[in-house]
Amino acid sequence: RNWLRRAVLGCARAVVVPSLRLLTIARDEWRLGPRALHLPNGVDCSRFQPAPHRTGVPVIGTVGGLRGEKDHGNLLRAAAAMQTAAVVQLVGDGPERTRLQALAHELGIAARVSFVGAVRDTAPCYREFDVFALSSRTEQMPLSVLEAMASGLPIASTDVGDVKVMLPESCRSGIVPPQDPAALARALDALLGDAARRQREGAANRAHCAAVYDHGQCLDRFLRVYRDAAGR
């Protein structure tokens, strides 16, 4: 595999990566220099839309496969430590589901945790959330964060991958260290305790996503790169 990767990289006029973390690896470890290009992922902002104002018990939502690197256990421990009574919705499925269900029972929050399972169209799911949470140990440029931004949600997230640079500067106070459920609990409590802040950050996330990450703009950037590589 290594020789094949070296051969491909040696012939490539440009190598496109979706995250700044990968860009550093491509330039420093793969020694691609300026041939490595950063083209971020995009999202369809017409498909992911903000919901009308919600009332009732607040919902913390997350979307992603139930796998170890997503560290949903971190989110469940944070939910158990929170001062605010909130429902947690986990959209997605995977090998960690049984263990996470057992952990929810162990933490005494099983009645407040909904394992939604795999969903073909996740756009309506985001409209059920008051806050989006990402609890991962590692990421690159998570599409779920882009979808949450397009859906006009405030975000509490671990400081992984490109999350910090994806969010507008005014919406980064909910970013916490990975594997620190107490810090994630505080970030979630702060958002759920301040409706004006949720509305303000949700609107800022939506505007920033539409301006920078809408899929039409991302497609235009890709086409420019491919035309340059083809010598057009």
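Does D71 count as buried, partly exposed or exposed, and at what relative accessibility? At 10% relative accessibility, D71 counts as buried, a class that stands for under 20% relative accessible area, with exposed meaning over 50% and partly exposed the range in between (1.4 Å probe, protein chains only). The structure is a predicted model, in which local features need pLDDT of at least 70 and side-chain atom pairs count only at pLDDT 80 or more, while totals for chains, interfaces and linings use all residues. Residues are numbered from 1 along each chain as its sequence is written, and side-chain values use heavy atoms, with hydrogens and water left out.

The overall fold comes next. The chain has ten helices and eight strands, which are DSSP runs numbered from the N terminus (helices H or I, at least four residues; strands E, at least two). Its radius of gyration is 19 Å, close to the 17 Å that the globule rule gives for 232 residues, so the chain is as compact as a globular protein of that length. That radius is taken over C-alpha atoms, and the globule rule is 2.2 Å times the number of residues to the power 0.38. Along its principal axes, the C-alpha trace spans about 60 × 35 × 30 Å. Buried residues make up 45% of the 232 residues. Of the contacts (heavy atoms within 4.5 Å) with a separation of 6 or more, 69% are between residues 24 or more positions apart.

D71 lies in the loop between β3 and α3. Most residues other than glycine have a negative phi. D71, although not a glycine, has a positive phi of about 50°. Q179 likewise is not a glycine and has a positive phi, of about 55°. Q179 lies in the loop between β8 (175–176) and α8 (181–192) and is exposed, with a relative accessible area of 54%.

D71 also takes part in a salt bridge, defined as a side-chain nitrogen of Lys or Arg within 4 Å of a carboxyl oxygen of Asp or Glu. Its partner is R137, and the closest N and O atoms are 3.9 Å apart. R137 counts as partly exposed, at 40% relative accessibility.

The whole structure holds eight salt bridges. One of them joins the side chains of D121 and R47, at 2.9 Å from N to O. D121 lies in the loop between β5 (113–117) and α5 (123–126) and R47 in the loop between β2 (36–38) and β3 (59–63), so this pair ties together parts that are 74 residues apart in sequence. D121 is partly exposed at 37% relative accessibility, and R47 is partly exposed at 38%. R99 and E96 also meet in a salt bridge, at 2.7 Å from N to O, and R99 is partly exposed at 41%.

The largest pocket contains about 490 Å³ of space. On a 1 Å grid over the protein atoms alone, a pocket is an open set of points where a 1.4 Å probe fits, with protein on both sides within 12 Å along at least five of seven lines; lining residues have an atom within 4 Å of a point. Of its 22 lining residues, the closest to the centre are H53, R54, D130, R198 and Q199. Helix α9 (residues 195–212) gives the most to this lining, with five residues.

Technical notes: Grid points are joined across faces, edges and corners, and a volume is the space filled by probe spheres set on the points.
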